[in-house]
Amino acid sequence: MGQVVKDATLGEPRFKARGVDKHFGPVQALTKVDLDLYAGQVTALCGDNGAGKSVLTKCIAGIYEIDHGQFFWEGNPVHIRTPRDAAKLGIETVYQDLALADNLDIVQNMFLGREELRNGLLNEDDMERAASKTLADLRVTTVRSIRQPVASLSGGQRQSVAVAKAVMWNSKLVMLDEPTAALGVVQTKQVLDLVRRLRDRGLAVMVISHNLNDVFEVADRIAVLHLGRMATQGRASDYDRQTVVDYMTTGASGRAGQPTGGDGAKSGAR
Amino acid sequence: MVRAEAPEQAPDPTAAVQAAAIEVPPELVAQSLGEWLRAWLTRIRSGDSGVLPVILALLIITIVFQAISPNHVFLSAGNLVNLFQQSAYFMVLAMGELFVILLGEIDLSIAYAGGVGAAVTVQLVQPATTRWPWWAAVIAGLLVCAVIGALQGTLITRLRLSSLIVTLAGLLIWQGAMLIILGLAFSGYPSLAGLDSNRQVLYNLMNGTIDPVVSWIGAGVIVIAIAALLWFGDSRRRRSGLVAPPVSLTIIKIALIALIATAVVAICNVNRAAFGTQAGVPWVIPIVLGIFFAWMMLLQRTKFGRYVYAIGGNPEAARRAGINLAGVRTLCFIICSFTAGVGLLLYASYLGGMSGNINGGQLVLYAIASVVLAGTSLFGGRGRVIHGILGGLVIGGIYNGMGLLGLDVRWQFIVTGLVLLVAITIDSLSRRSATSGSAARV
């Protein structure tokens, strides 16, 4: 159950979860979940409401501690107990509410909690340069001034700032929670382009999404949770929209077009 | 299964740029003074006017009171110096209150928390009893204030009690404590009037003046220092291609500061005594400027200040950024009470002794009204130390003008209430228009 076949062409996953259990009181939120996240690949984590997507993300981010199972970072077993542990490994999370302070400007938000100092005072010049460079590298060029308050940004720009904030710290795995929810068509495209650029920079990217359009638009790999169990995971090209919906709703797929083995995905729910 | 490289991102929709043009502070994008002025006017028309309303309020107060005060005495040098002195403790209280208001909290106890500190200081320098040197007594009084702030801040942050309720209780408790301290060992209230030089220092905090020549030299040094900081800071940022205001704007800022300093020193150096000479800048002006500069540096240039704004803007973002929320919040309450201690010490100096009859309810409302009038938001996250200075001047002006007109305490109560009401209405309305603006953008 939940066995994952390694994707031979990609080598060792940057992050592995094996047999992860998590319960809250009597509620079993995750049961023996396995997950592989590869460098330079966008993995879409799908699942219906209550499937355990958020719980799994928060376990990896160190907000919840897992009950059983093991995480592996670049092949080595690791313990992630606090957000600090996750940050130390290079794991950053962009939550759906973005956690930006509207009254602070872009630079101040990107460096919040990790300000650079010179003689005990804030080193605004260096921070502004670094933030500016990160945004330019990610080709986030639509903001008018890097010193404008975040309150004045559009939804897509805010998402871009939140992502830039996450990748500025030499992060190696970035998890994005519903990055395109509540965005318009143009802004969704901007954000998905940004996700591709993260992948092209060699980061492991995990995108949590309900939106199958976005999933098939951007994902290299797909993982589907169903009622706290990993129903399937594998290359995006091995799935079509209908099989993913089947896995999300029933935990299995009996249709043609489902993964056919090889180093692709296997259904682990039955 | 490598995907084709995504096409270059689409150009930004122009609509978004236009929407942003209204919101972005003009100094960020303007390349020339003309551009800056145009952007500034656009921003004022869209409802975000910065400190403009408070400057207008100051002008109106000046014109009205000059017109209706007996013998048009409002703008006389003697009255203006008196106005600076009266405003000084409003300013200091307001600059302290700012720290908790930036968090979206409130401290109603400042006048009596500060009053306890001032009472301790004044009692300790009494020659008949303890005879502490003035500096030790001041430190002791301010320490007591800091402890009061720490107590209240701990209750509010660790036990998650409402700051409104905790400090409302504090308002009563510290008033009682202040009266007890003032009643110790004396039949009357302890005075700062006396010939001993120790008490004289405290009396001079508000009433002493600096020699006119020294006043000019001091003002010159301060203006040159500020000008150098502004000029080199801005030109360094311009050279390295960072966001910086146009050169002309830097020059205008410097000129404005020089003008204000010259005006203040010139006014203070006029002989304002009926008999003999009394001229020079009151000590209290550099004291207030010192607090202003220290707290401005703390809020604008340190991690702590950044975190205060972050917590006021979005506590959840601050928590996720690993900021110690309880620590920062508690420190804000400590700074608030500590600054209030300075304010009440100035008040005691102004009165020439510590009185049990200080109107603490009125003082705290004046302090809150000062910052809110000048543009600080009671909802947290928005406000600057300069708001305490400008707002304190407005409140001091109203207070002083009513005194000149011979309006008694009944009218002062009514006007205090009305001023606070106006300030909070402006704050709420501007917040509403700001949120409706962002709702339209999304």
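The C-alpha centres of domain 1 of chain B and domain 2 of chain B lie 25 Å apart. The domain bounds come from an automatic or database domain assignment. For chain B, domain 1 comprises 51-208 + 282-430 and domain 2 comprises 209-281. Eight residues from domain 1 of chain B and eight residues from domain 2 of chain B make the contact. Two residues are in contact if their C-beta atoms, placed from the backbone, lie within 7 Å. Helix H5 (residues 77-102) of chain B provides the largest share of the domain 1 side, four residues. That side divides into six nonpolar, two polar and no charged residues. Here Ala, Val, Leu, Ile, Met, Phe, Trp, Tyr, Cys and Pro count as nonpolar, Asp, Glu, Lys and Arg as charged, and the others, Gly among them, as polar.

The model is predicted: local features need pLDDT of at least 70, side-chain atom pairs count only at pLDDT 80 or more, and totals for chains, interfaces and linings use all residues. Residues are numbered from 1 along each chain as its sequence is written, while chains are lettered from A and ligands numbered from 1 in the order in which they are written.

Chain B contains 18 helices and zero strands. Helices (H or I, at least four residues) and strands (E, at least two) are DSSP runs, numbered from the N terminus. Of its 442 residues, 42% count as buried. A residue is buried if 20 or more other C-beta atoms lie within 10 Å of its own, exposed if 12 or fewer, and partly exposed in between, with C-beta atoms placed from the backbone. Among contacts in chain B with a separation of 6 or more, 77% join residues 24 or more positions apart.

Helix H16 (residues 360-373) of chain B has 14 residues. From first C-alpha to last, H16(B) reaches 20 Å, close to the 20 Å expected at 1.5 Å a residue. The expected span is 1.5 Å times one less than the number of residues. Twelve of the 14 residues of H16(B) are buried, so the helix is largely enclosed by the rest of the structure. Among them are Gly360(B), Tyr366(B), Ser370(B) and Leu373(B). Just after H16(B), Gly375(B) takes a positive phi of about 120°.

Chain A is also assigned two domains: domain 1 (8-90 + 172-267) and domain 2 (102-171). Their centres, taken over C-alpha atoms, are separated by 27 Å. In chain A, 15 residues of domain 1 are in contact with 13 residues of domain 2. On the domain 1 side, strand E9 (173-177) and helix H6 (185-200) of chain A each give two or more residues. H6(A) gives the most, with six residues. This side holds ten nonpolar, three polar and two charged residues.

Helix H4 (residues 124-137) of chain A has 14 residues and reaches 20 Å from its first C-alpha to its last, close to the 20 Å expected. Its buried residues are Glu124(A), Glu128(A), Ala131(A) and Leu135(A). They cover an arc of only 70° around the axis, so they lie on the same side of H4(A). The arc is that of the directions from the helix axis to the C-beta atoms. An α-helix has 3.6 residues a turn, so residues three or four places apart point the same way. Lys133(A) and Ala136(A), on the other side of H4(A), are exposed. The cover over the buried residues of H4(A) includes helix H3 (106-110), strand E8 (121-122) and helix H5 (155-167) of chain A. Just after H4(A), Arg139(A) takes a positive phi of about 55°.
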